[in-house]
Amino acid sequence: MCSVGGGDFNLEIEKIEVTRYRCNDCGNKFDGMGEKVVCPSCHSENVVKA
Ligand SMILES: [Zn+2]
C-alpha cells in the first residue's frame, strides 16, 4: 500500500476545521475546534464565532 501516492496527508489536514471565535467575557480571540468551545484564557463557554 506504500505504492499508492502520497496525497492522503493533504486530506487529513483539510479535515481539521478551525473556526475563529471571540469570548464575550474577556474579549479574547482564539481558534476553536469541535462542538464545545471554551475560551482558553478564562475558560468561559460564552463565546461566539467571529
Ligand atoms: Zn474569555
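Which protein donors hold the zinc ion, and how far from it do they lie? They are C23 (SG), C26 (SG), C39 (SG) and C42 (SG), at 2.2 to 2.4 Å. This is a predicted model, in which local features need pLDDT of at least 70 and side-chain atom pairs count only at pLDDT 80 or more, while totals for chains, interfaces and linings use all residues. Residues are numbered from 1 along each chain as its sequence is written, and side-chain values use heavy atoms, with hydrogens and water left out.

**The zinc site**
- Donors here are N, O and S atoms within 2.8 Å of the metal (3.2 Å for Na, K and Ca); water is not among the atoms, so sites may look incomplete.
- The four donor atoms subtend angles of 106 to 118° around the zinc ion, so the arrangement is tetrahedral (four donors, all angles between 85 and 135 degrees).
- Along the chain, the zinc donors are spaced as C-x2-C-x12-C-x2-C.
- C26 sits in the loop between strand 1 (19-23) and strand 2 (29-32), and C39 in the loop between strand 2 and strand 3 (47-49), so this pair ties together parts 13 residues apart in sequence (strands are DSSP runs of E, at least two residues, numbered from the N terminus).
- C39 is buried at 0% relative accessibility (buried is under 20%, exposed over 50%, partly exposed in between, with a 1.4 Å probe and protein chains only), whereas C26 is partly exposed at 40%.

**The aromatic pair**
- There is one aromatic pair (ring centres of Phe, Tyr or Trp, its six-membered ring, within 6.5 Å).
- Y21 and F30 have ring centres 6.0 Å apart and planes at 15°, so they are stacked (planes under 30 degrees apart).
- Y21 is buried at 8% relative accessibility, and F30 is buried at 7%.

Notes. Phe/Tyr/Trp six-rings, centres within 6.5 Å; stacked < 30°, edge-to-face > 60°. Tetrahedral: all angles 85-135°; square planar, octahedral: opposite > 155°, others 65-115°. Helix = DSSP H or I, 4+ residues; strand = E, 2+ residues; numbered from the N terminus.
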